[in-house]
Amino acid sequence: MASIARRLSSLADVSVIPRDPRTVGQEPDYRFTLANERTFLAWVRTALALTAAGLGTISILDFNGSDLLGFALLTLSLATAATSYGRWAANERAMRLGESLPPSRLPQLMAAGTLGVAVVATVLLIADAF
Amino acid sequence: MHSEPVGIFGPQPHNRTGDGVPHERTGLAWQRTAIAAMVAGVAFTRVVTTQGPAVLGLAGIVWVLGGGLLLNWAASNDSLLRDPHRPAAAVPQVALTRVVGLSTTALALMSLVVALILTLR
């Protein structure tokens with residue numbers, strides 16, 4: 001578990017359970033704080049949608065390779081969920097210190113992952129039809 | 001005769017007309033997240049009770065109830081945020097953000113484990 005958490009953290013350039021960001025810097029513009037909170041919530045909703053999609057793929061769909069696609073979706077969900085709070089805290093900390101927002105590779109991973117799942121699902125469905 | 005437009009919450013204060021009402025949008029984002037959490041909880045419960053270890057359905061029920069509590073909090077929080085006398089300030093929901101982030105991670109991990117169990121047996 002610890003090694004998985006470390007890998008996910010390094011992937012998103014954040015720690016999974018960082019400290020309270022309010023201990024540093026000064027209060028930023030309240031609009032930025034609220035925008036950061038909405039961004040965090042959007043990532044959480046993405047994770048929840050991927051969880052539901054992964055469970056649905058494994059339990060409802062029945063074609064060769066559907067389990068593999070479900071695992072891929074659930075893995076993406078875990079990566080998204082595990083880094084969401086860390087990303088929020090890192091952004092909050094950077095805003096309070098007047099620094100640039102920390103970069104993250106998670107959006108690229110998410111785009112590549114969902115594209116890969118969609119392409120593989122299409123190919124598997126076509127192959128299953130013959 | 002001239003009269004000021006007055007809504008059910010009174011005249012719009014300056015700090016809520018020129019900034020895109022971020023408080024209200026954030027309150028709605030919390031509500032959407034709570035609803036998504038309940039849907040994910042129902043999906044998890046459905047899968048484990050029909051195909052997997054049914055006892056894990058309790059976790060799904062806890063998740064749905066948690067989503068309901070979050071929705072209730074978000075709805076009441078939103079009504080507070082509509083108060084036109086509220087100063088333009090944001091209070092980061094650090095503890096709640098942490099709980100939501102970690103519990104979503106737990107649900108994703110449990111779902112992955114359940115999927116493994118279903119596939120391997």
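The model is predicted: local features need pLDDT of at least 70 and side-chain atom pairs count only at pLDDT 80 or more, while totals for chains, interfaces and linings use all residues. Residues are numbered from 1 along each chain as its sequence is written, and chains are lettered from A and ligands numbered from 1 in the order in which they are written.

**Chain A and its helices**

- Chain A has four helices and zero strands, where helices (H or I, at least four residues) and strands (E, at least two) are DSSP runs numbered from the N terminus.
- Of the 130 residues in chain A, 39% are buried; a residue is buried if 20 or more other C-beta atoms, placed from the backbone, lie within 10 Å of its own, exposed if 12 or fewer, and partly exposed in between.
- Among contacts in chain A between residues at least 6 apart in sequence, 76% join residues at least 24 apart; a contact requires C-beta atoms, placed from the backbone, within 7 Å.
- In α2(A), 21 of the 30 residues are buried, and the helix is mostly covered.
- The end C-alpha atoms of α2(A) are 44 Å apart, which agrees with the 44 Å that its 30 residues should span at 1.5 Å a residue; the expected span is 1.5 Å times one less than the number of residues.
- The axes of α2(A) and α3(A) come within 7 Å and cross at roughly 170°; axes are lines fitted to C-alpha atoms, for helices over the stretch in contact, and angles run from 0 to 180 degrees between N-to-C directions.
- The contact of α2(A) with α3(A) involves 15 nonpolar, 11 polar and three charged residues; Ala, Val, Leu, Ile, Met, Phe, Trp, Tyr, Cys and Pro count as nonpolar, Asp, Glu, Lys and Arg as charged, and the others, Gly among them, as polar.

**Where the chains meet**

- The contact takes 36 residues from chain A and 38 residues from chain B.
- On the side of chain A that touches chain B, α2 (30-59) and α3 (66-97) each supply at least two residues, and α2(A) gives the most, with 21 residues.
- That side of chain A divides into 19 nonpolar, nine polar and eight charged residues.

**The largest nonpolar core**

- This core has 43 residues, and Ala40(B) and Phe44(B) have the most contacts inside it; a nonpolar core is a set of buried Ala, Val, Leu, Ile, Met, Phe, Trp, Tyr and Cys residues joined through C-beta atoms within 7 Å.
- Two or more residues each come from α2 and α3 of chain A and from α2 (22-50), α3 (57-81) and α4 of chain B, with α3(A) giving the most, 12 residues.
- Leaving aside neighbours within four places in sequence, the contacts of Phe44(B) are Leu55(A), Gly60(B), Trp63(B), Leu107(B) and Ser111(B).

**Chain B in detail**

- Helix α4 (residues 94-120) of chain B has 27 residues and reaches 39 Å from its first C-alpha to its last, close to the 39 Å expected.
- Ala115(B), found in helix α4 of chain B, counts as buried with 23 C-beta neighbours inside 10 Å.
- Beyond its neighbours within four places in sequence, Ala115(B) is in contact with residues including Gly54(A), Leu55(A) and Phe71(A).
- Val55(B) lies in the loop between α2 and α3 of chain B and is exposed, with 9 other C-beta atoms within 10 Å.

Note on methods. Contact = placed C-beta atoms within 7 Å.
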